[in-house]
Amino acid sequence: MDIVHINAEFFLELFLHSLSLWWVIIPSIFLGLIVGAIPGFSAANTIIILLPFTLVMDVEVGLVFMVALYCASRMGAGIPAILVNIPGTAGAAATPLDGYPMVKKGLGQQALAISFTASTLGGLLTTVIALVSMPILARVGFHMHSAEMVVVMLFGISLIATIAAKDTLKGLIAGFFGLMIGSIGADHVYATPRGTMDFLELYDGIPLIPALVGLFAISEAFLVIEGESILSKHAQDNLVTGSWQQTFQGVRMTFRKWWHVTWTSLIGLVIGVTPGAGAAIAAFVAYQQSRAFSKTPELYGTGHPEGLIAPEAANNGVTAGTLIPLLVLGIPGGATAAIMLVVMQYQGVNTGPRLFMEQPELGYGIFMAMFTTYLLMALTILPMSRYMSRVTLVSTTYMSPLIIGFTLVGSFVPREYMFDMYLAFAFGILGYIARKTGYHVAAILIGVILGPLMERYMLVALQKADGSFTALFSTPLTNILWGALVLSLLLPLFVKHRQRRRESVFAEGEG
Amino acid sequence: MASTQNSGEKRQIGGELIIPVLALIFTLYYISTVIDSPWSAQLNAFLIGSVLIVLVLAFIAYAAREVLMGRASLGMSGLLAPYHILPRRLGFMALTVGYLVVMPWLGFTLTTFVFMFASMLLLGDGRRPLVCFVAAVAMAAIALGVFVILFEKRFPKGVIEHLVQVLS
């Protein structure tokens with residue numbers, strides 16, 4: 001690719017120019033945070049609603065608006081996920097696994113600070129990497145075929161096994177039940193309806209938002225009425241008397257885990273580059289890998305900062321990744337990227353290599369706008385974490401009806417079917433029973449989200465090889481990924497075994 | 001296997017059987033819908049369904065052994081306790097179902113208000129009715145403003161939505 005004037009001075013100029021667009025970026029950040037936090041809304045459908053405005057804007061302003069909204073919505077989805085166990089989007093589904101338990105300990109402010117800092121650092125880092133290695137990263141998508149994607153999905157699904165480690169049989173039942181529920185809908189080849197109970201609304205499969213809000217939020221609303229507040233008395237005191245110290249601690253803790261942020265956000269970047277993959281897969285894979293290689297895996301799920309950093313850094317790493325195939329190859333990797341493509345085509349802007357040759361200021365400028373958005377997000381949102389965390393002090397008398405009303409409305413929004421509200425309620429009851437009887441709702445949800453994706457990729461891979469399962473081991477990259485998967489599952493067991501042996505030797509020595 | 005009961009009491013395993021039984025019934029139903037379908041439609045049913053059936057049967061066998069050995073009973077206290085909250089919880093669930101059933105007749109905004117107000121009164125034992133009323137009005141007004149007027153989502157229409165339509 002012949003790129004002219006690409007040097008440090010060029011990037012500095014672009015950075016200063018994107019800073020001058022603060023008047024677009026800051027309102028877009030706040031709008032993005034709001035739509036990200038509302039279940040059912042997303043950057044994609046907000047941009048569609050505001051498409052007429054985007055089309056009449058100057059092309060650069062329009063793109064900066066969309067990029068800022070997109071990045072902020074990713075961060076926004078994490079706020080209700082942490083504070084009240086409502087993930088705004090599927091990308092934030094792994095966030096409450098450790099974020100919400102932190103809130104219950106009265107560490108809401110710290111959890112939000114960790115989430116914002118990890119999101120910002122993950123976003124900044126992956127944007128810089130995307131800027132300097134775009135042509136190489138763009139090729140990743142070409143090597144990720146259906147067989148490779150099956151293994152990537154298995155990385156996420158293997159989180160079920162990790163969760164099941166606490167109670168094997170129950171964990172596996174929950175996970176496989178989720179996978180079965182995720183199989184509802186017409187099959188991908190002959191459109192045969194499967195397990196739809198004659199509901200036409202289920203032919204496209206289980207809609208994600210009702211499943212997400214039902215399993216997490218509605219079940220939570222039915223549970224928390226056992227107490228006056230979602231926080232214990234001690235946690236309430238912690239929150240009320242807490243100073244800015246918790247925010248600073250959260251920021252410091254995340255910076256100290258810089259290596260953790262780096263590699264989990266890189267998982268997000270690589271998954272983001274792959275068309276069809278998304279933030280939900282990235283977040284689950286990052287969480288699973290983070291736990292597998294952690295020195296303290298037993299703390300995951302109890303409010304462990306590492307368990308919050310991993311999904312937040314990863315799902316913000318996806319944002320830069322999604323834009324790479326769009327800009328470098330002209331292939332949109334997701335819904336938001338597809339809408340951006342429409343706007344660019346309407347404005348007569350070429351995507352693909354010509355963009356970087358003919359309008360490098362615009363091509364690189366989009367990534368620089370993303371970089372600036374993350375910087376401005378850190379400055380504007382981080383100070384708000386102290387006040388946002390106060391939401392958890394609201395009595396459950398008011399909180400539970402608000403959660404139910406808000407999430408049922410959110411489950412109606414994407415498809416505008418009353419059926420989806422009933423479905424969210426049904427998932428709420430299922431989630432309630434699961435929680436009260438010791439089954440992990442996250443295991444069910446992982447199955448519901450990743451099951452249909454894995455089935456689709458597996459069918460394509462098998463069809464290419466006339467139904468032979470050898471297709472799943474047919475390329476060097478697939479085999480490397482299989483090796484990494486096995487390693488990531490066995491390594492923690494090996495480390496645990498060695499640790500136990502060392503402890504027993506030490507105990508014998510003491511004796 | 002973790003117990004949901006205190007270690008001193010007999011484990012009440014009845015509630016823990018609900019999810020496996022639901023999973024088993026659904027899997028058998030799912031298999032029945034794909035039995036005559038092409039292999040591509042059956043892939044999940046047999047790959048995942050067969051494993052799930054084995055897991056469920058293993059859990060049922062485990063539960064039966066625990067009950068027969070007197071270490072557990074088929075009670076449901078794990079699911080239903082604490083009992084003093086139960087009427088309130090069931091009432092709240094019934095109000096939620098009512099919210100969904102009545103919405104097509106009363107319209108989105110009015111039903112949202114009634115649900116919020118009634119739920120807050122129920123959960124707060126009738127305390128602070130004015131606060132509940134104001135909170136319910138505020139929530140219904142925000143929902144109307146954001147979802148119906150601003151984003152034009154097609155929620156069921158009632159008196160308030162028609163009134164807004166006439167006025168705008």
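One caution before the numbers. The model is predicted.

Let's start with the interface. Chain A and chain B bury about 5,900 Å² between them. Of that area, 79% is on carbon and sulfur atoms. Chain A brings 64 residues to the contact, and chain B brings 69 residues. Which residues of chain A lose the most area to chain B? They are A:M180, A:I225 and A:Y398. Together they make up 11% of what that side buries.

Now the polar side of the interface. There are 16 residue pairs in polar contact across it, both partners at pLDDT 80 or more. The count of salt bridges between the two chains is 4. Take A:E226 and B:R89. Their side chains meet in a salt bridge, at 2.4 Å from N to O.

Which elements of chain A build its side of the contact? Those giving two or more residues are α9 (168–182), β2 (193–194), α10 (208–224), α20 (396–412), α21 and α22 (441–464). Helix α20(A) gives the most, with 12 residues.

Next, the surface. There is a nonpolar patch with about 600 Å² of accessible area together. Its members are A:Y422, B:V97, B:V101, B:V102, B:W105, B:L106 and B:V114. Helix α4 of chain B, residues 86–106, gives the most to the patch, with 5 residues. On the chain A side, A:Y422 sits in helix α21, residues 418–436. Is A:Y422 buried, partly exposed or exposed? Its relative accessible area is 35%, so A:Y422 is partly exposed.

Last, the backbone. Most residues other than glycine have a negative phi, and most peptide bonds are trans.

Two of them are in chain A. A:M197 has a positive phi, near 55 degrees, and is not a glycine. A:D198 is not a glycine either, and its phi is positive at about 65 degrees. A:M197 lies in the loop between β2 and α10. A:D198 is placed in the loop between β2 and α10 too. How do they compare in accessibility? A:M197 is at 42%, so it counts as partly exposed. A:D198 is at 72%, so it counts as exposed.

The other place is in chain B. A cis peptide bond joins B:A81 and B:P82, with omega about -5 degrees. B:P82 is in the loop between α3 (77–80) and α4 of chain B. Helix α4 is also the one that gives the most to the nonpolar patch.

Terms used. Residues numbered from 1 in each chain as written. Chains lettered and ligands numbered in written order. Predicted model: local features only at pLDDT ≥ 70, side-chain atom pairs only at ≥ 80, totals over all residues. Heavy atoms only, no water. Patch = residues over 30% accessible without salt bridge, like charges linked within 9 Å, V, L, I, M, F, W, Y side chains within 5 Å. Areas by Shrake-Rupley, 256 points an atom, 1.4 Å probe, with all protein chains shown as cover. Helix = DSSP H or I, 4+ residues; strand = E, 2+ residues; numbered from the N terminus. Buried < 20%, exposed > 50% of the residue type's maximum accessible area, 1.4 Å probe, protein only. Contact = heavy atoms within 4.5 Å. Buried area = accessible area lost by both parts, 1.4 Å probe. Polar contact = N/O pair within 3.5 Å; in protein donor to acceptor, adjacent residues only side chain to side chain.
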